[in-house]
Amino acid sequence: FMGMAGRCQQLPSFENITEKEGLSDNHVTCFLKDKAGYIWVGTESGLNRYDGNVFKVYSPGQGKKNKISSAFITSIKQDGAGDIWVTTRKGINRIDNKTDTIEIIHSVSIKPQIDFSEAVIWDVFPDNDTTVWFAIDANRLVKFNPKTKYSEYFDFRSFLSENKIEY
């Protein structure tokens, strides 16, 4: 057994990180490890970016540099360009990961018009560099092109049946 000891790998260690260490809230709703190695943590009280030592907190508020549309984070995803997409109970946010600037997407030009600041956005899925999908409320999908700002609206159940997707 002595010869095997040198070949065994060390088990990973885990650390419990809470509000005491700078997390905005202990109620975590989602998380993502991005391509740069940051850990993004969504909570009921804001978005957190963790570099392994320090948290940077993004929250709503007038005049704030790191302002997002709502404190309750529902989903975090990264697209092919490296941007971080964050959905909340009151809107959609795109964070340019190179400049750390935030674009709050309030609405898109589709019919029927959807005011994202009044809609619960449950999930986001960056499909490729030109398409991002949003699941809105309980029964709506939006296909969004972030470069052109063009959008298409789909009723969720109709979309599934037309594309022969069982649910």
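1. Let me open with a definition: two strands pair if DSSP finds at least two bridges between them. Strands (E, at least two residues) and helices (H or I, at least four residues) are DSSP runs, numbered from the N terminus. With that in hand, S13 (residues 140-144) and S14 pair in the antiparallel sense over five bridges. Within this pair, Arg 140 has Asp 155 of S14 as its bridge partner.

2. A word on the basis of these notes. This is a predicted model, where local features need pLDDT of at least 70 and side-chain atom pairs count only at pLDDT 80 or more, while totals for chains, interfaces and linings use all residues. Residues are numbered from 1 along each chain as its sequence is written, and side-chain values use heavy atoms, with hydrogens and water left out.

3. Now the overall picture. The protein has two helices and 14 strands. Of its 167 residues, 40% are buried (buried means under 20% relative accessible area, exposed over 50%, partly exposed in between, with a 1.4 Å probe and protein chains only). Among contacts with a separation of 6 or more, 36% come from residues 24 or more positions apart (contact means heavy atoms within 4.5 Å).

4. The S13-S14 pair belongs to an open sheet of four strands, in the order S11-S12-S13-S14, with antiparallel pairing. At the edges stand S11 (121-128) and S14 (151-155); each has a single partner strand, so one side of each is left without a neighbour in the sheet. On average, neighbouring strands here are turned by 20° against each other, direction ignored (axes are lines fitted to C-alpha atoms, for helices over the stretch in contact, and angles run from 0 to 180 degrees between N-to-C directions).

5. Do have a look at the loop between S13 and S14, where Tyr 150 is placed. Is Tyr 150 buried or exposed? Tyr 150 counts as exposed, because its relative accessibility is 51%. Not counting residues up to four places away in sequence, Tyr 150 touches Lys 143, Phe 144 and Asn 145. Tyr 150 and Thr 131 are 19 residues apart in sequence, with a C-alpha to C-alpha distance of 9.6 Å.

6. Turning to S5 and S6, these strands run antiparallel and are joined by five bridges, with Ser 75 facing Thr 87 of S6 as its bridge partner. The two form a hairpin with five residues between them, and Gly 82 in the turn has a positive phi of about 95°. Five of the six residues of S5 are buried, so S5 is largely enclosed by the rest of the structure.

7. How many salt bridges does a search of the whole structure find? The search finds six (a salt bridge is a side-chain nitrogen of Lys or Arg within 4 Å of a carboxyl oxygen of Asp or Glu). One of them joins Asp 100 and Lys 56, with the closest N and O atoms 2.2 Å apart. Asp 100 lies in the loop between S7 (91-96) and S8 (101-105) and Lys 56 in S4 (residues 55-58), so this pair ties together parts that are 44 residues apart in sequence. Asp 100 is buried at 12%, whereas Lys 56 is partly exposed at 23%.

8. Another salt bridge links Arg 94 and Asp 83, at 2.9 Å from N to O. Arg 94 lies in S7 and Asp 83 in the loop between S5 (73-78) and S6 (84-88), so parts eleven residues apart in sequence are tied together. Arg 94 is buried at 18%, and Asp 83 is buried at 10%.

9. Glu 152 is partly exposed at 30%, and Lys 143 is partly exposed at 28%. Salt bridges that share partners also join Arg 49, Lys 56 and Asp 100 into one network.

10. Finally, Thr 43 sits in S2 (residues 39-43) and is buried, with 0% relative accessibility. The Thr 43 side chain reaches the backbone nitrogen of Ser 45 at 2.9 Å. Leaving aside neighbours within four places in sequence, Thr 43 has contacts including Leu 23, His 27, Asn 48 and Phe 72.

Key. A polar contact is a pair of N or O atoms within 3.5 Å; within protein, one must be able to donate a hydrogen and the other to accept it, and residues adjacent in sequence count only if both atoms are side-chain atoms.
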